[in-house]
Protein chains: 4
Amino acid sequence: MMIIMKSNATPQQTEAVIAKIKDMGLAVHLSQGVEATIIGAIGETHNIPTEHFEGLDGVDIVQRITQPYKLASRQFHPENTILPIDGFTVGGDEIAVIAGPCSVESRSQILETAQAVKEAGASALRGGVFKPRTSPYAFQGLGEEGLELLAEAREKTGLPIVVEIMSQVQLDVMLKYVDVFQVGARNMQNFNLLRAIGETRTAVLLKRGLSASIEELLMSAEYILAGGNTRVMLCERGIRTFETSTRNTTDINAIPVLKNLTHLPVILDPSHSTGHAAYVSAVARAAIAAGADGLIIEVHPDPAKAVSDGKQSLKPEAFAEMVNQVGQIAQIMGRRLAATQGNVQPLKQGWM
Amino acid sequence: MMIIMKSNATPQQTEAVIAKIKDMGLAVHLSQGVEATIIGAIGETHNIPTEHFEGLDGVDIVQRITQPYKLASRQFHPENTILPIDGFTVGGDEIAVIAGPCSVESRSQILETAQAVKEAGASALRGGVFKPRTSPYAFQGLGEEGLELLAEAREKTGLPIVVEIMSQVQLDVMLKYVDVFQVGARNMQNFNLLRAIGETRTAVLLKRGLSASIEELLMSAEYILAGGNTRVMLCERGIRTFETSTRNTTDINAIPVLKNLTHLPVILDPSHSTGHAAYVSAVARAAIAAGADGLIIEVHPDPAKAVSDGKQSLKPEAFAEMVNQVGQIAQIMGRRLAATQGNVQPLKQGWM
Amino acid sequence: MMIIMKSNATPQQTEAVIAKIKDMGLAVHLSQGVEATIIGAIGETHNIPTEHFEGLDGVDIVQRITQPYKLASRQFHPENTILPIDGFTVGGDEIAVIAGPCSVESRSQILETAQAVKEAGASALRGGVFKPRTSPYAFQGLGEEGLELLAEAREKTGLPIVVEIMSQVQLDVMLKYVDVFQVGARNMQNFNLLRAIGETRTAVLLKRGLSASIEELLMSAEYILAGGNTRVMLCERGIRTFETSTRNTTDINAIPVLKNLTHLPVILDPSHSTGHAAYVSAVARAAIAAGADGLIIEVHPDPAKAVSDGKQSLKPEAFAEMVNQVGQIAQIMGRRLAATQGNVQPLKQGWM
Amino acid sequence: MMIIMKSNATPQQTEAVIAKIKDMGLAVHLSQGVEATIIGAIGETHNIPTEHFEGLDGVDIVQRITQPYKLASRQFHPENTILPIDGFTVGGDEIAVIAGPCSVESRSQILETAQAVKEAGASALRGGVFKPRTSPYAFQGLGEEGLELLAEAREKTGLPIVVEIMSQVQLDVMLKYVDVFQVGARNMQNFNLLRAIGETRTAVLLKRGLSASIEELLMSAEYILAGGNTRVMLCERGIRTFETSTRNTTDINAIPVLKNLTHLPVILDPSHSTGHAAYVSAVARAAIAAGADGLIIEVHPDPAKAVSDGKQSLKPEAFAEMVNQVGQIAQIMGRRLAATQGNVQPLKQGWM
């Protein structure tokens, strides 16, 4: 970490900064130039917030040289993490496709969807039972009853299940059922929840917050990793910007940036990042072409009847077509779908 | 709620929309114009998400006419809510000034700060004991020990205490101590927490999320109100934008917009909304001039030694000067500081 | 256009709105429901700003049903526009790749780059001679001398040239040289410039502004089309958001959204939309997979010596590799590179 | 400027950076620490873009120590610039209030408005004659005829006139009439226009772009100042964010930040920054309380009939009330309205 002093900083102010660095058990490297005095703080600085120095008198700029995360960093873990989930892997050659409804609504709905996405080539089943809804008057999910239905769907299809957890008080009941925890965008900085999940050894799909920077996403992953749970995958799901023609803005840059900064698998959620069924396949293909390790997709047998997210849910046949397209892009990338049985079809000419 | 059909929608699609409206127990008003068919859904629509119709075939635009919140709306509650807190009120003629350190760090620090902000004219004491930190390696707060120190400070100064709650598992211990819960920006959509607080009758200061719209802030207030807890005040604390010269962007527009939409008190947090001690007073004055009902300000006896937020914390003397300035603006607005003893001084000429 | 009156609007206010609609030569469709009075304005409303009604007393919401642009809309022009440029087409089966340096710096630099990008498979040559620089002290471009060098490069390679125009006073000199005008992000709403270009019949690459909505981009295209110049292609080049790890945020959603709304070709500029050479290829592949009609890429023979944008410029060999990757994605999409001679190579295994 | 090398940078890469610094006529200060090699570039660095180094191999971070602008910086010009305009000053003790319609529409409209704003206490008259309209089909302004009407209004009221210029081709005709050029948000980075205005000695009101950073606003001011025109005032007019309840987001932080960074006067445009007449006065008061040097306000005698911006225009009586409120805030700030005749009235109790 480098602390650049203001041009009119006094020697006493410089001394105070140096003293504070030493107090923290760090070494000091002082460089007094013509225009600026620069003080280097050397040692284990990744766990020291820059604000510790920004408030000091005479300090102009505090510039971090090393990243504020360590366990998530590719610098200390150059090889890709390859997470084995029941029946497939994420982060290696296989492309994971997690699919299913926004909410578990009924036995027939979830069993029908599970069967359909399985046949279309999905690797895992998603379904919400505790729903974070903007309105207190909206459907809040089936709770444990929904978990039981998901477990039944898993039994029938062999697909592992991915379910959102909203609070650490749901942890015990969730642990009885789920294969992968999903932490939603609104909970990316629910640090109590992150710590609780860090204590388990269950895989986690950690979604980026609506206005979370890439660095903050990695810091939230660090919370889970610091608890000893290394089974973390990251998920870009769109960020909030001024553009209103889509629900969110897919930050496709985040795919190569994350692959560069971290060894953790990175997947994309084009359902939420676009908010419109019509745009999901295009962005799903883009994600795989950009180097993503997988996708999570909302699929509903009858989107018009969905209690939530119907607008952005694919029908099973559209999902099957999307899987086919994504499979071909995967091949170009030297990869393959985690659960495809080799029945891919050529894309239509000039597909939008 | 109005559903505008696409120009090429079929009669069957229109029928399906009408059927769905009736299924929800709403009345239908059909208007078939030359260019568009418009279907009005009439009745208790504030609790129906627009997405229920957006996913239907043939639907072009769904336009809400009534607000999606009801208890928070000024429409159904035209008079300002005036919240009595121990020793003062928020939302009426009095301007509340809540002040104190970001984190409770030690007995001497919190007692000294409490005394200083009391003398400078604060109406309540803030202090964090459970800290939402971006990094798992940063100081996470003193926990219950901090609550005890705050209680001691309250006893010595008579100032009620405002403390952030991060999770519903902290509710029981918090209830033993705090006068006002603070829900932080990162938890504005922690719906489990909001519901839990809604079950209590303790006052709440609900902060706007970093990228939450004003409507979403009101929907989160609605969660608390729906539980029967009507003691809610809202807090603008800056939103995340592209501008990097300040920590956040103070959305000063939010003050008159919220005062127009809701009867709940609205306060502003210029410490977080600017992130720099040098800009806090200017934005505090602006808030009161724009019609805010109060302020929450970070004050630390020695910001250089603060374990968090030192950069944006005022020293007690700067805080006293700010209170003085704010008091004069309050007078112009026909209001008065909640706890001023009438010792305001004239502002310096041409104060920046 | 629909005007929804406030629930407490008076009959006089409704009458005033109706009178104003009739004044504009539009027909009126009145629908008085239980909860709201809705007034439809019927006719040529695409050229009427909604603000004409938003300021009227008693008006609650003004909702446009038809798009505010007409010539750019796919609704009135369902087939893709296929623009012939010298030697290739944009908007049909061919994928255009425009490449070259940010600025023309010297004869050797531009001739060398032109040769290199030609060999790697580019369809056109880009190069700036009038440079929009944030700082008045930065290199502002070679002006007409640069245009002569570009013309020489065209003669030697056969590549048509794409050059940014910053002001209508540059129009005459530019017309002598360029094959395609580029309108930069900062000039997307320089309406005098758009009108001037609309008077010509030279092809235009219109870049989206840093904070322009997709609708505003189409309105700017409408300015050019309204002048009779139909040779317009649109360019997504990243938008400004809170994320700082990349120069801009590539709005990949904009590709399918634009292809849905307009018949005009859509290309992507991953050099500006990422700002880092290391991320350009991943985002270029994503663009083509999402359905883009082409790319514009910064290439420099020695990025370390570039006077501008060196950080985001590819070296010729990296560009050649990118063209190879993009060509394979194009094939999957049922398309082909505009100028490839069929020497594509398989992608490396698991390419990031 | 400091260049921080990557931890694995080679000595050759460090040498290349040093050679480039020396080539630019700057001195080098090398600091080789344990964790990082830092190279300081010393001398006239404000005119050197950081990108000159960011693209070099082995470079990790380039950190500017001095600001990239010089003429606009308070560092080299600590005293406030006080601009004399015809009849008043901006930047000193006087608070300027510029008011008038969005567009000049007719002789009676502009003369009536000029008289009304004069009586209410305005210091200058605004009115657009060349209008930057999103739609090519919208009213584009009266052109020179409008300038003649403004000149007549000036003659009748004594108010100097402030008029937007959109292109350097309008410069000659504008110079015959206007007292203050307005450069609109969409032209803040129209560098040709800025240079052309820099050659004149006419005062300029430079508006911040919709997504321009504060630093970029100052760089655009630097363009004008570099031409020798020192009569520049800056204008915050709202930035584009995700919030949709107002037209833009007023960045009130920008007032104290700009007053800190530059000696130039800073005014605020609450009409555009809120987009709603109902919110203009609250934000106008906030601006003056935050330290702004003036306001620019849209006023129309009959907003319902305005051809543009009716929604955000104040009626003359509402404007007069706003001036009264602002005058009282100014007094608290130790300042006074530029043109008030001392007839201010007390604010209503608890004014929103």
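**Close-up views of a predicted model**

**View 1. The two domains of chain A.** In this predicted model, the centres of domain 1 of chain A and domain 2 of chain A, taken over C-alpha atoms, are separated by 42 Å. Domain 1 covers residues 2-63 and domain 2 covers residues 74-337, with bounds that come from an automatic or database domain assignment. Residues are numbered from 1 along each chain as its sequence is written, while chains are lettered from A and ligands numbered from 1 in the order in which they are written. Since the model is predicted, local features need pLDDT of at least 70 and side-chain atom pairs count only at pLDDT 80 or more, whereas totals for chains, interfaces and linings use all residues.

**View 2. The fold of chain A.** Chain A holds 11 helices and 15 strands, where helices (H or I, at least four residues) and strands (E, at least two) are DSSP runs numbered from the N terminus. Its C-alpha trace spans about 75 × 45 × 35 Å along the principal axes. Of the 352 residues of chain A, 61% count as buried, a term for residues with 20 or more other C-beta atoms within 10 Å of their own, the C-beta atoms being placed from the backbone. Among the contacts in chain A with a separation of 6 or more, 67% come from residues 24 or more positions apart; two residues are in contact if their C-beta atoms, placed from the backbone, lie within 7 Å.

**View 3. The side of chain C that touches chain A.** Here 44 residues of chain C are in contact with 44 residues of chain A. The elements of chain C that give two or more residues to this side are helix 7 (214-226), helix 8 (254-261), helix 10 (277-290) and helix 11 (316-332). Helix 10 of chain C provides the largest share, 8 residues. By class, this side of chain C has 20 nonpolar, 16 polar and 8 charged residues, where Ala, Val, Leu, Ile, Met, Phe, Trp, Tyr, Cys and Pro count as nonpolar, Asp, Glu, Lys and Arg as charged, and the others, Gly among them, as polar.

**View 4. The surroundings of B:R201.** B:R201 lies in the loop between helix 6 (191-199) and strand 11 (203-207) of chain B. This residue counts as exposed (12 or fewer C-beta neighbours within 10 Å), because B:R201 has 12 C-beta neighbours inside 10 Å. Leaving aside its neighbours within four places in sequence, B:R201 is in contact with B:N229 and B:R231.
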